[in-house]
Amino acid sequence: MRSQITSAGSSSAVPSRKAVIAALRVWGDRLAPAAAFVGLVVIWEGACRLFAIPSFLLPSPSAIVRAGLEVSATQWLGHISATLRVALMGYAAAIAISIPLAVALVNSRFLSRTLYPILVIVQSTPIVAVAPIIVVTLGASDLPRVVITFLIAFFPIVVSTVTGLMATPEELIELSRSLRAGRTREMLHIRLPFAVPYIFSALKISITLSIIGAVVAEFVAAERGLGFFIMFSTSFFKIPQAFAGLAILVALSLALFRLCTLVQRWFVPWSLPKSER
Amino acid sequence: MSEHPRVIRFADVEQTFGRADGGAVTALDGITFDMGRNEFLAVLGPSGCGKSTLLRLIAGLIFPTRGTVSIYDLAVTEPRDEIGIVFQSPTLLPWFDVLGNVTFPLRHKYGRVSADDNARALDLLKLVGLTDFARKRIDELSVGMQQRVAIARALLLDPDILLMDEPFSALDALTRDEMSFELLRIWSERPKTVLFITHSIPEAVLLADRIIVMTPRPGRVREVIDVGLPRPRSMATLSDPTFHALANHIRGQLFSRAVA
């Protein structure tokens, strides 16, 4: 910035009009998302006060914050950790099963002809409707919740990984075959790395799906967790408190999504478009 | 080329491919020719004349429906170590730097790369004019430079035979000319038997000892032309009357076919 300013207004210490406008434009662009969010909150608060909307219909942001502060930090942490544990366990299971499964589907015509239709059927089943059955079948523990989360999160990873594995340029496969490197090395050295950008887009989708899965599971059967907290709050008409739980849930989801992007940037920066590195 | 030992031989090769509807397409028909040691042979023809099929037969990636393809008088039954391939697009790996891409064939084939291998790869980068780019990322390079890396990669295992499948067709005209002369320089420093597939007449005439002109559907040899222009070839070759006579002759051949 400094060099721009001095070169633009070399005769005096005062930055030139042009430089000021350019700087404003840059900062305006950077702050636009935050400003939009703050603006929305202000309008929301104003509308609630102006029209005296009852808090059980739409609580104002300030009411939500107050309700959130009434719940102790230990309680919040308990709920957050419960939801996070289920979501991450389901997510980990989804990754651990989906990627090898995708490799198997790509390698075996038999598996792709038999297993893939079944996967599509599972994906087409509304998991929310199956959740109560799973809870009854698997009993009262984290297990049914993890299974529900897994079922919601796994499919995008399978589909994207398969797409990525198949998207490898044919010429590289020919290069591999001309070197007689073998199918295992072809998969490890060429196909899987080529699938990394595809896998990461799926991982970003699935991390938010995992949170949804955990909440759905908690709606059905739980005694802790943010999903349970929201259910519990609404059943006692503590709407501002439910909104506070919801806000934390959204923040959690955003943080995990962001973490996915950071992991990709740290470990496989080449898989990102140049502008996002 | 009769004074050189025979490296590649095509003997009455036919290649048909099954179609999805159950029919068959004849890609190559009655292909017969020899290539001598360190000969530069260009295969020229319109798209759909089976040029790339020819290359894949030598590489041992596919096998002829009839006839035989042999290297050093042995029928090709699998891919062999004597062969390096340069494809139409550079097809480099974005997760490796330039040096990593050049050494990739060794890493891929044997699972490890020694310090010696790296030194050899650096020599190759020097040969293709990329000495200072060893640690660059692939997306920092122009397409022309990427294709230089692909050439270095193809030379890593020191193959006797270099197969090039329209390697410069993705480049702009100026880079393309530059790369043609670069290839001639590299070839004179590291003589190889080169099969160079192209659909550019000037490129074929400038580079090759002999040119096989092919006809499409099915791919057949229309004519084999001895270029006979003196080496080393340079910018001056481009204004040689023989160069133009040959180019015009080939153009006439391909054009008469197109009209008929």
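Domain bounds, as used in this tour, come from an automatic or database domain assignment. The structure is a predicted model, in which local features need pLDDT of at least 70, side-chain atom pairs count only at pLDDT 80 or more, and totals for chains, interfaces and linings use all residues. Residues are numbered from 1 along each chain as its sequence is written, and chains are lettered from A and ligands numbered from 1 in the order in which they are written.

Begin by selecting chain B. Its mean pLDDT (the predictor's confidence in each residue, from 0 to 100) is 91, and 97% of its residues reach 70 or more. The model as a whole scores ipTM 0.89 and pTM 0.84.

Next, colour residues 6-82 and 161-259 of chain B as domain 1, and residues 92-158 as domain 2. The centres of these two domains of chain B, taken over C-alpha atoms, are separated by 26 Å. Where they touch, eleven residues of domain 1 of chain B are in contact (C-beta atoms, placed from the backbone, within 7 Å) with ten residues of domain 2 of chain B. On the domain 1 side, helix 6 (residues 173-189) of chain B gives the most, with five residues; helices are DSSP runs of H or I, at least four residues, numbered from the N terminus.

Now move to chain A and select W44(A), which is placed in helix 2 (residues 17-50). Is W44(A) buried or partly exposed? W44(A) is partly exposed because 17 other C-beta atoms lie within 10 Å; a residue is buried at 20 or more, exposed at 12 or fewer, and partly exposed in between, with C-beta atoms placed from the backbone.

Conventions: Helices (H or I, at least four residues) and strands (E, at least two) are DSSP runs, numbered from the N terminus. Two residues are in contact if their C-beta atoms, placed from the backbone, lie within 7 Å.
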